[in-house]
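Thanks for coming, everyone. Let me put the structure up, and then I'll walk you through a few places in it.

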Amino acid sequence: DGRSDSGLLDYVCRASQAARASSQQVERVLGGADSGGEYPPFQFAGLLKNVAQLIRANTGIRIFFTELGGGGIGGFDNHAGQRDNHAALLRQFSESVGAFSGDLQRDGWLDRVVLMTFSEFGRTLAENGRRGTGHGDAAPMFLVGGGLRGGLVGAHPNLTQLIEGAPKSHTDFRRVYATVLEEWLGFDSQAVLDKKYEPLDVFA
């Protein structure tokens, strides 16, 4: 009927106005004289710089995703030639995250941000015949942000207790997800993870 058509039109108008306002805010931030700190010349650093600028635009987006070293040649899946490739990726990761956190910290935005890393798998300890390693059970996760306690969660991996040649995980990664969902984003983690996981004491 006419009323439902009017309601739909009102919704489209409101959505268009909100999109236009967000676009203008992003343009102001990206076009400003000070659009971010110094970042290293890596693609990953450029992605994080874009995220930092979008955070400053304050458009209401709460989750951003970037990727470093995905599948294929040159990624973290180091079945061959691991030493140099892995070191290069870790350098990109370290310098890019350092630039991102420093950029946000200098004007107070880091207290409003949590960066979380995740990977599909860890690596085995033993080298294969091509100077690489296989898939493993455990992988580190990093959290970066102004509202975190800092430090390590759990014990160092026991190198004598391995699962098919790889260190055994000590913390279910879903506990980390649940912690960020519940404690930081205010979401019901069970609705996302289909089970309740005990959160970790990582926020100050």
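How many salt bridges does a search of the whole structure find? The search gives 10. Keep in mind that this is a predicted model. I'll come back to some of those bridges. Helix α3 comes first in this talk.

Helix α3 covers residues 82-105. Does its length agree with what we expect, or disagree? Take 1.5 Å a residue: the 24 residues of α3 should span 34 Å. The C-alpha atoms at its ends are 34 Å apart, so the two agree.

Which residues of α3 are buried? They are Q82, L89, F93, S96, V97, A99, F100, S101, D103 and L104. What do they pack against? Helix α2 (43-57) is one partner, and the strands β1 (114-116), β2 (122-123) and β4 (143-145) are the others.

Now look at L90, also in α3. L90 counts as partly exposed, because its relative accessibility is 39%. L90 and F76 are 14 residues apart in sequence, and their C-alpha atoms are 9.4 Å apart in space.

On to the next pair. D172 and R174 join their side chains in a salt bridge, 2.9 Å from N to O. D172 is partly exposed, at 28% relative accessibility. R174 is partly exposed too, with a relative accessible area of 31%.

One more pair: K196 and E182. Their side chains form a salt bridge, again given as 2.9 Å from N to O. Why is this pair worth a look? K196 sits in the segment after α5 (189-193) and E182 in helix α4, so the bridge ties together parts that are 14 residues apart in sequence. E182 is partly exposed, and its relative accessible area is 28%. There is also a network: salt bridges with shared partners join R56, D103, R106 and D107 into one.

Next, T179. This residue belongs to helix α4, residues 173-185. Is T179 buried or exposed? T179 counts as buried, because its relative accessibility is 2% and the cut-off is under 20%. What does T179 touch, leaving out residues up to four places away in sequence? The list is W184, P199, L200, V202 and F203. With L200 there is a polar detail. A polar atom of the T179 side chain lies 2.7 Å from the backbone nitrogen of L200.

Last stop: the surface. Which residues form a nonpolar patch there? They are L125, L159 and L162, with about 270 Å² of accessible area together. Pick out L159. You'll find L159 in the loop between β4 and β5 (162-163). With 55% relative accessibility, L159 counts as exposed.

That's the tour. Questions, please.

Terms used
Residues are numbered from 1 along each chain as its sequence is written. This is a predicted model: local features need pLDDT of at least 70, side-chain atom pairs count only at pLDDT 80 or more; totals for chains, interfaces and linings use all residues. Side-chain values use heavy atoms; hydrogens and water are left out. Helices (H or I, at least four residues) and strands (E, at least two) are DSSP runs, numbered from the N terminus. Buried means under 20% relative accessible area, exposed over 50%, partly exposed in between (1.4 Å probe, protein chains only). The expected span of a helix is 1.5 Å times one less than its number of residues. Contact means heavy atoms within 4.5 Å. A polar contact is a pair of N or O atoms within 3.5 Å; within protein, one must be able to donate a hydrogen and the other to accept it, and residues adjacent in sequence count only if both atoms are side-chain atoms. Patches are made of residues with over 30% relative accessible area and no salt bridge: like charges are joined within 9 Å, nonpolar side chains (Val, Leu, Ile, Met, Phe, Trp, Tyr) within 5 Å. Accessible areas come from the Shrake-Rupley method with a 1.4 Å probe; for residues, only the protein chains shown count as cover. A salt bridge is a side-chain nitrogen of Lys or Arg within 4 Å of a carboxyl oxygen of Asp or Glu.
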